[in-house]
Amino acid sequence: QLQLVESGGGLVQAGGSLRLSCAVYGFTLNDKPIAWFRQAPGKEREVLSCLNSPGDTTTYLDSVKGRFTYSRDNAKNMVYLQMTSLKPEDTAVYYCASTSHSRWCVPVSLYDIWGQGTQVTVSS
């Protein structure tokens with residue numbers, strides 16, 4: 001069974017940091033890409049970044065460039081999202097996702113394997 005499980009969310013003050021984790025089950029990081037998304041209340045889900053199976057990262061959202069760092073541990077089959085200098089506007093449910101369609105990052109509509117999400121709340 002293909003499964004993603006996020007953890008590490010919580011409440012943090014503005015300027016603080018959090019590290020989110022995404023545990024991968026049923027496939028390896030060499031087989032599929034992993035993307036990070038977030039969805040704030042009342043807003044559409046937006047893609048932050050994607051790590052393709054060879055390990056290259058693409059950051060899509062300008063507002064997180066320089067603040068969010070993506071990494072993976074192939075031995076643990078885990079992906080991480082290190083978030084620093086957090087802002088209240090970063091408050092959202094964060095998801096990791098993958099796709100059954102490719103080893104490479106794909107258009108948003110093709111992500112069909114999703115975690116349950118983890119809540120990040122940044123207070124001002």
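Biologist: Why is Ser53 called buried?
Modeller: Ser53 has a relative accessible area of 1%. Buried means under 20%, exposed over 50%, and partly exposed in between (1.4 Å probe, protein chains only). Ser53 is therefore buried.

Biologist: What kind of model is this?
Modeller: It is a predicted model, in which local features need pLDDT of at least 70, side-chain atom pairs count only at pLDDT 80 or more, and totals for chains, interfaces and linings use all residues. Residues are numbered from 1 along each chain as its sequence is written, and side-chain values use heavy atoms, leaving out hydrogens and water.

Biologist: Where is Ser53, and what does Ser53 touch?
Modeller: Ser53 is in the loop between strand E5 (46-51) and E6. Its contacts (heavy atoms within 4.5 Å), leaving aside neighbours within four places in sequence, are Leu29, Asn30, Asp31, Lys32, Pro33, Arg72 and Arg103.

Biologist: What makes Arg38 and Glu46 a salt bridge?
Modeller: The closest N and O atoms of Glu46 and Arg38 are 2.7 Å apart. The rule asks for a side-chain nitrogen of Lys or Arg within 4 Å of a carboxyl oxygen of Asp or Glu. The pair therefore forms a salt bridge. The count by this rule is four.

Biologist: Are the two partners buried or partly exposed?
Modeller: Glu46 has 29% relative accessibility, so Glu46 counts as partly exposed. Arg38 has 6%, so Arg38 counts as buried.

Biologist: How do you know that Arg38 also pairs with Asp90?
Modeller: Their closest N and O atoms are 2.9 Å apart, and the two form a salt bridge. Arg38 lies in strand E4 (residues 34-39) and Asp90 in the loop between E8 and E9, so this pair ties together parts that are 52 residues apart in sequence.

Biologist: Why is Asp90 called buried?
Modeller: The relative accessibility of Asp90 is 0%, so Asp90 counts as buried.

Biologist: Which other residue does Asp90 meet in a salt bridge?
Modeller: The side chain of Asp90 meets that of Arg67 at 2.8 Å, N to O. This pair links distant parts of the chain, 23 residues apart: Asp90 in the loop between E8 and E9, and Arg67 in the loop between strand E6 (57-59) and E7. Arg67 has 10% relative accessibility, so Arg67 counts as buried.

Biologist: Which residues are linked in a network of salt bridges?
Modeller: Arg38, Glu46, Arg67 and Asp90.

Biologist: Val122 is next. Why is Val122 called buried?
Modeller: Val122 has 5% relative accessibility, so Val122 counts as buried. Val122 lies in strand E11 (residues 118-123). Beyond its neighbours within four places in sequence, Val122 is in contact with Val12, Gln13, Ala14, Leu86, Lys87, Pro88, Asp90 and Thr91.

Biologist: How many Å separate the C-alpha atoms of Val122 and Thr57?
Modeller: The separation is 25 Å, and the two residues are 65 apart along the chain.

Biologist: What makes the phi of Asn77 worth a remark?
Modeller: Asn77 is not a glycine, yet its phi is positive, about 55°. Most residues other than glycine have a negative phi. Asn77 sits in the loop between strand E7 (68-73) and strand E8 (78-83). At 14% relative accessibility, Asn77 counts as buried.

Biologist: What is the phi of Ser85, and where is Ser85?
Modeller: Ser85 has a positive phi of about 50° and is not a glycine either. Ser85 is in the loop between E8 and strand E9 (92-98). Its relative accessibility is 39%, so Ser85 counts as partly exposed.

Biologist: How many helices and strands does the chain have?
Modeller: Zero helices and eleven strands. Both are DSSP runs numbered from the N terminus: helices are H or I with at least four residues, strands are E with at least two.

Biologist: How do you know that the chain agrees with a compact globule?
Modeller: Take the radius of gyration over C-alpha atoms, with a globule rule of 2.2 Å times the number of residues to the power 0.38. For 124 residues a compact globule would be near 14 Å; the chain has 13 Å, which agrees. The C-alpha trace spans about 40 × 30 × 25 Å along its principal axes. Of the 124 residues, 45% count as buried.

Biologist: What share of the contacts joins residues at least 24 apart?
Modeller: The share is 57%, among contacts between residues at least 6 apart in sequence.
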